[in-house]
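This report describes a single protein chain and is organised by topic. Please consult the sequence and the structure alongside the text.

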Amino acid sequence: MKNKKLAQPLLIILAVLIVAGAVIFYFTHDAAYVMSEDGFQVSAGEKVSYEKGTKFIFTKEGTSYKGAEANECLTSTPLYLKKDSKDIILPEDQIYVAGRKAIYKKAEAFSTFSVKDGLTYNDSVIEGGFIFNGTNTYTFLESMTLTVNGEEIELGPLSSITLGQDAYYLYNTATKEIKLDHLNVDKVEAKNTDYSIDLVNDILYTSSGDKVLLYTKTDQLEDLK
């Protein structure tokens with residue numbers, strides 16, 4: 001009789017723990033990052049908005065979010081926090097390149113780059129450079145001059161460009177302009193006073209004059225800290 005009396009409260013406690021665990025699992029399972037404020041992503045020339053509290057998840061197809069349609073995934077372009085576009089969140093692992101020295105590191109998915117008080121990565125100060133997704137998307141961490149189709153465009157820090165086969169998609173933080181245009185030339189260059197990048201062929205020209213073919217994989221790179 002005594003054992004039966006003890007068993008009943010234990011069963012109740014166990015049931016409560018199971019329910020609580022199920023609730024926690026429902027709300028947090030697979031959540032990789034939760035938006036701390038409203039934000040947006042510029043994808044294929046369109047602005048896609050995400051509300052504060054949006055939960056991003058990893059799937060076998062790529063990075064998606066709770067409530068997305070089937071097979072709906074984010075592109076490689078950064079997530080901008082709406083407040084002032086001086087903070088970006090990476091939707092996937094990408095390659096950080098210190099342009100002046102050709103140093104490569106892995107910038108992890110959902111890490112934060114900010115230019116509010118100098119350039120920082122997850123609140124740690126880093127030197128300038130750019131982020132490369134390994135295929136066709138570049139995000140510049142400092143001001144650059146972009147030359148495309150014979151036109152020079154002054155880009156603000158955290159601007160991003162994606163090159164397609166015959167088009168390019170650009171978000172310029174200096175002007176808040178989203179641009180989608182045909183690509184009429186074989187050469188697209190981004191440069192500042194210290195280095196330049198051949199965006200079509202993924203080649204970096206360092207401040208010392210070295211010509212370096214960019215890494216395209218993050219697997220064997222050390223984490224940026």
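## Sheet and strand pairing

In this predicted model, strand E2 (residues 39–43) and strand E6 (residues 79–81) pair in the antiparallel sense over three bridges. Two strands are taken to pair if DSSP finds at least two bridges between them. Within this pairing, leucine 81 of E6 is the bridge partner of glycine 39.

E2 and E6 belong to an open sheet of seven strands, ordered E3-E2-E6-E7-E10-E11-E12, with antiparallel pairing. Strand E3 (46–50) and strand E12 (124–125) are the edge strands, each pairing on one side only. In general, strands of a sheet pair through backbone hydrogen bonds, either parallel or antiparallel.

## Basis and confidence of the model

Residues are numbered from 1 along each chain as its sequence is written, and side-chain values use heavy atoms, with hydrogens and water left out. Because this is a predicted model, local features need pLDDT of at least 70 and side-chain atom pairs count only at pLDDT 80 or more, whereas totals for chains, interfaces and linings use all residues.

The average pLDDT (the predictor's confidence in each residue, from 0 to 100) is 87 for the chain, and 87% of the residues score at least 70. Over residues 9–29 the pLDDT is below 50, and this stretch has six contacts in the model beyond near neighbours in sequence; contact means heavy atoms within 4.5 Å. Where pLDDT is low, the predicted coordinates should not be read in detail.

## Overall composition

The chain contains one helix and 23 strands; helices (H or I, at least four residues) and strands (E, at least two) are DSSP runs, numbered from the N terminus. Of the 225 residues, 44% are buried, where buried means under 20% relative accessible area, exposed over 50% and partly exposed in between (1.4 Å probe, protein chains only). Among contacts with a separation of 6 or more, 47% join residues 24 or more positions apart.

## Two buried glutamines

Glutamine 41 lies in E2 and is buried, with a relative accessible area of 2%. A polar atom of its side chain lies 3.1 Å from the backbone oxygen of threonine 75.

Glutamine 94 is placed in strand E8 (residues 94–98) and is buried, with a relative accessible area of 1%. Its side chain reaches the backbone oxygen of serine 76 at 2.8 Å. Leaving aside neighbours within four places in sequence, the contacts of glutamine 94 include Ser76, Lys105, Phe132 and Thr218.

## Nonpolar cores

A nonpolar core is a set of buried Ala, Val, Leu, Ile, Met, Phe, Trp, Tyr and Cys residues joined through side-chain atoms within 4.5 Å. The largest has 27 residues, and those with the most contacts inside it are Phe130, Phe140, Leu146, Ile197 and Leu199. The elements giving two or more residues to this core include E8, strand E13 (130–132) and strand E15 (144–148); E15 supplies the largest share, three residues.

Leucine 199 is in contact with Tyr138, Phe140, Leu146, Ile161, Leu163, Val188 and Ala190, leaving aside its neighbours within four places in sequence. Apart from this core lies another, of 17 residues, among them Ile88, Ala98, Phe113 and Leu158.

## An exposed loop glycine

Glycine 150 lies in the loop between E15 and E16 and is exposed, with a relative accessible area of 73%. Glycine 150 and asparagine 184 are 34 residues apart in sequence and 9.1 Å apart in space, C-alpha to C-alpha.

Conventions: Polar contact = N/O pair within 3.5 Å; in protein donor to acceptor, adjacent residues only side chain to side chain.
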